[in-house]
Amino acid sequence: MTNIVASASNITKIFDAESGRKDDAITALDGVDFDVRAGEITGLVGPDGAGKTTLIRLLAGLMTPNDGTILVDGIDVSADPESVYQRIGYMPQRFGLYEDLSVQENLDLYADLRDLDRDERQDTFARLLDFTDLHRFTSRLAGNLSGGMKQKLGLACALINTPKLLLLDEPGVGVDPVSRRELWKMVKDLTTEGIGIVWSTAYLDEAEACDHVHLLNQGQKLFGGKPDVLTGSVKDRVFRLDHFDGNKREVLASALNREGVRDGTIQGDAIRLLFAENIIPDVSGISGAENGRLTPVAPRFEDAFIDILGGGPDGQSALAKDYRQIEATDQPQIVADRMTKKFGDFTAAHDMNFSIPRGEIFGLLGPNGAGKSTTFKMLCGLLSPTEGNGSVAGYDLRHSRADARGALGYMAQKFSLYGELSVRQNLEFFAGIYGLSGQTAKGRIEAMIDTLELRPFLGSDAGGIPLGFKQRLALCCAVMHQPPVLFLDEPTSGVDPTTRREFWQHINGLVEKGVTVLVTTHFMEEAEYCDRIALIYRAETIAFGTPDDLKKEASAMAGKEDAAHFTMEDAFIAMIENADIVRENSDPAKEAA
Amino acid sequence: MASALSSRRLRALFTKEMLQVLRDPSTILIAVFLPIMLVFLFGYGVSLDTSVVRLGLIQQSSGSASRSLAASYANSPYFDVTQSNDKEALFADLTAGRIRGIVTIASDFDRRYAASGKTAQIEIVTDGSNPSTANFVSAYAQGVHAQWLASQSAEGKQTQSGGIQVMPQFWYNTALTSRNFLVPGSFAVILTMIGSLLTALVVAREWERGTMEALIATPVTIPEFIITKMTPYFILGLIAATICTLMAVFIFDVPFRGSILALYILYAAFLMPALGQGLLISAALRNQFVASQVALLTAFLPAFLLSGLIFEISSMPRWIQAITYAVPARYLIPPLQSLFLTGNVWPLLLPNIAILLGFGSLFFVLIFRVTRKSLD
Amino acid sequence: MAAPAFTHWPAWARMKALVIKELLAILRDKKGRITLVAPPILQLVLFSYASTLAVENADIVYLDRDGGAATAELVQRIQGSPNFRSVTRVSSEKAIEKAIDEQDAIAGIYFPQGFSADLKAGHPAPLQIVYDGRRSNASQIVSSYLGQITTSLNMSLNAARQDKGMTTPSEIIATNAFNPNLEYLWFVLPSLIAMISAITTLSVTAQSVARERELGTFDQLMVTPLRVHEILIGKSIPPFLVGLLNSTIFIVAAVFVFDVPLQGSLILLFGAIIFYLLSVIGVGLFISSLSTTQQQAFLGTFIFITPAVLLSGYASPIDNVPYWLERIALANPIRHFIVIVQGVFLKAMPLIEVLANTVPLIIISIFTLSAAAWLFRHRME
């Protein structure tokens, strides 16, 4: 069945520049063709600023294209948007929910707005609530739902009158893997009802599972078709490198610098490499990997994505090159000593206990609201622990908090820079606030501007520069004072794979200089970069170890032998599920009932 | 094709808006707390009655006329008199603002008063740094003097020379309580606050929170959207107006002499331009913070200063008077004060209501022009 | 490169960076500059021209049942006064009633039959004047204007009779100290310096912490080595400068544009301004520490500034409010500063009096600043 529910042909969309000048106008989409088939999930991927959101908004009739035609269910969107609104379900990036209305009230509202028949209504609600598993929460305010539940509710609201076309704009951002996987299953089920679905995403494992994928870059379509076709283009070029002698980060850097290596990522103790076409893959020229083992592995969509976009970054981090060498020490750089945080009766984090040596990347993982943020905030001095204590770079968090703060660099999700200040002003502010002054500050700032190529943006508002540069700037500001310890709070949430790779290349470089890194993440690919991980769930540490340890442990739990094919995300989900089972079995109230 | 107005969608949107109103603490703050605070402030805090003014008195002559005049000042209910012969100390008090005027009965007062053909002089120095107080001080000091003269002649001590005897009457507010016109007048400020400030926030909030995007992608029409955005705040405005009216009548004893129906018609007519202005601001600006600043400057401040509430419009420079014609509150205050203090003065009510409705229609035309179902 | 010694960073360098950042945040974008400049100027214009309690251009109606010379004389004198716009003759008592009801006139005068004759004969001549009590304030002022006119007519009638051997035994000579012609602008402009600099300073301060919270930069700021008091000082200096600049501009405007005499010492005035601004900044930081969004900060500012302006003694004398409210209003910095600024401008207020009014400002600043610091610490988690 190849029934087309929506098609866009030769779409061009130009945004007027804020300055009002014609030359500054931005071409968000440039002659793009696009089809959505009924009963299929059509993925929309591409780096930030590729035009994904614009395309979805055009399909939803929220904007009018400058050129080209869009048909939804045979209706021209520009000519008759009202009829299109009747036929689509749309979930914008922030879900479009009224946070001060309850789950049921949100559903009622959208049911009425979409003229859902009164007779059908109860059945529909029952079905949607079943489907989203929100029955228990109908009276809860949408604002009090977790990210994953908000997403499901957003989806339910978009599905009220079974649309012909369902538009989902980056539904997975900021949501933990368990919720993301549930959402995917739900949407997949919808295809059996013949709904045509557009799913825009930065998660390429989702793209891989779509029936069709369109890859946009800078307003142009680079690929359109079945994901296997694109993945197939890197067939026989992806390898797993393991059993090498060198340090994994140094080996990766060396590999990325080698001619013919298009891309590389750390996968626990191993390295995943993508070779260029017409190159015989081998370990030659990769220092530290002379004795390594290179085994071909099945390509993923992400490999092909990076390939078509021109490959990953170089191995060298310009930022790390100029960084001071952090003196070697046996003293652990970050210590959580039986830390507990309670808010009233609620225990947000219980008995967190770990110590991180110099030069290690330590990951805090866990679903939303599990307590990883609380632990993170206690360690960087934003929250005081109710019990226990911690230290950073040898400074006790109870008694020398200001010194500890001086010794750490901090980068939060969404890059909390001062958006209304220029790039240079941001740099100068952070230099000053960390006590750098005069020539030291000037020299450090100039060096950063040059190595990270920020010069073209110096005078621009930090809020308005492209995301990749924003990330660089945020990192610059966080390490301006060359701290021995770096705290990263979901640093690459919502960021495309290319930008993420560049970020981790800098972090890897810094770690080689002896910097200690604590990172929280939802992104399981990112977890692979960590040396050790603590998995936090319901305020407790439920697993602890290297990524490979966790994968092994989880695959054993799930009764699967083949740990190598077990991804970090599989491990995460298996461990969370296991923790739930253990908890239910030991819950005396449940037993009594 | 969706019809322009569907009762189901209207009801659904209205319910949603109402729930949001009830759950948003800042709404309750603006719609309930602030009105009560303002009515109290205008009821207790702002009073243009000069009830008792502190006055210095220098009595340099000690004859019976001087003593009796000094006693008249001391006994006057309008003055709180400090008697002293230290001129400099009293002047220092005047400079410090501890007294508002100095009355000097000169040493030759009794002599000149008794002598025929001569006029004894009483000197009054007021604190001109506050002109209105200064005016009151000299007017009341004159009044005390005139009364004293009259009583002297009644006792036959002096030949009364006749002259104009002014008999003032203050209609509708015999005791000249400024509260009686300030409290109803303050409702203009309160309704402007709810109508413009609060509504300025609501559409901007939909844009900021991204819910507007989801709404546009449904069959909701612009008239439905605007009507349901307006109605809850209209109701809220009427509720606040009711609270204020009850407070005025029962707490501040402001008389109410008009008809309740006329009062509510007037409130409703005023809410049209007030709500219209607020919605227009937020539809055009789409940013809560900017919208609230603009609402403050273009709605709240004019309602305060340019409506005739405290300051006489007719005394303002011509170009400011011209601006006041664009301030809806100036059409609310005179009929509102009349409803409270006079009764149904239809020639005052009807034209003002018509003008308010005219303003309202103008705003709504503009709102329809700037609100579009599009993100472009 | 040696590891920096974290403990020895000079606090001033950190604060300097924060102050520069705060100033940029206020001044850098166009919207910010406009919200800093436009409202004060608009307020200056509106307040200085619109907020007059004087009554000019009053409309009067009169009913003449007398037809004599004294009536004509009085009507002419009223017409000649700059305070009245129109003096209209009507033909019935009903017409007076109508004119007042519909607010076409603020007062109506009945000249009874025989009015002129009584006056001529030296008999008391009653004159009934009705006022619109709904506008009690304006009525009272008009009543005092009419009182002055009748008094002066009486005096000139008496003077005429004096030749016949009759005199007024006593009269009042009124003069106005500090402001001889009772120029309303002389009163308004000094008060405006107090109010507008408070409003601007408060809005800027109230936004400062709330903005960081809303935009998500607050945590970022809190993990830097800045200590709480450094943050608070760093966030106080820019609004302080803004307030200082604002008051200076308004002082200059008052003197050079509006010709208000500056009789007292500028040094005393600026000494008081320092503590005035500090007390307002304390309130602003308190509101800001309490707010999580800019919206809340805005509402907080509004809730503070409205009563503060109303109870400042500007719109109406503070002596008139009930005792308990007057006590509460002692905590209002605007109230104290208005006394100082009016005193220094018009009365050459001496040091001791300025000090007496500055002490409450110092107490208020100590209290509000410590409360803000306390709240800021407690809201960190």
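The contact between chain B and chain C takes 91 residues from chain B and 94 from chain C; two residues are in contact if their C-beta atoms, placed from the backbone, lie within 7 Å. The model is predicted: local features need pLDDT of at least 70, side-chain atom pairs count only at pLDDT 80 or more, and totals for chains, interfaces and linings use all residues. Residues are numbered from 1 along each chain as its sequence is written, while chains are lettered from A and ligands numbered from 1 in the order in which they are written.

On the side of chain B that touches chain C, helix 6 (residues 131-154) of chain B gives the largest share, 11 residues. Helices (H or I, at least four residues) and strands (E, at least two) are DSSP runs, numbered from the N terminus. That side of chain B holds 45 nonpolar, 41 polar and five charged residues. Here Ala, Val, Leu, Ile, Met, Phe, Trp, Tyr, Cys and Pro count as nonpolar, Asp, Glu, Lys and Arg as charged, and the others, Gly among them, as polar.

Strands also pair between these chains. Strand 5 (residues 163-171) of chain B runs parallel to strand 4 (residues 124-132) of chain C, with nine bridges; pairing requires at least two DSSP bridges. B:Trp171 stands opposite C:Asp132.

Chain B has 14 helices and five strands. Its radius of gyration, taken over C-alpha atoms, is 28 Å, well over the 21 Å that the globule rule gives for 376 residues, so chain B is more spread out than a compact globule. The rule is 2.2 Å times the number of residues to the power 0.38. The C-alpha atoms of chain B fill a box of roughly 100 × 40 × 40 Å along the principal axes. Of its 376 residues, 53% are buried, with 20 or more other C-beta atoms within 10 Å of their own.

The largest nonpolar core has 360 residues. Such a core is a set of buried Ala, Val, Leu, Ile, Met, Phe, Trp, Tyr and Cys residues joined through C-beta atoms within 7 Å. A:Leu59 and A:Leu167 have the most contacts inside the largest core. Apart from it lies another core of 34 residues, including B:Ile164 and C:Phe115.

In chain A, strand 23 (residues 532-537) and strand 24 (residues 540-545) are antiparallel and share five bridges. A:Leu535 has A:Ala543 as its bridge partner. The two strands form a hairpin with two residues between them, and A:Arg538 in the turn has a positive phi of about 50°.

Methods
Buried ≥ 20, exposed ≤ 12 C-beta atoms within 10 Å, placed from the backbone.
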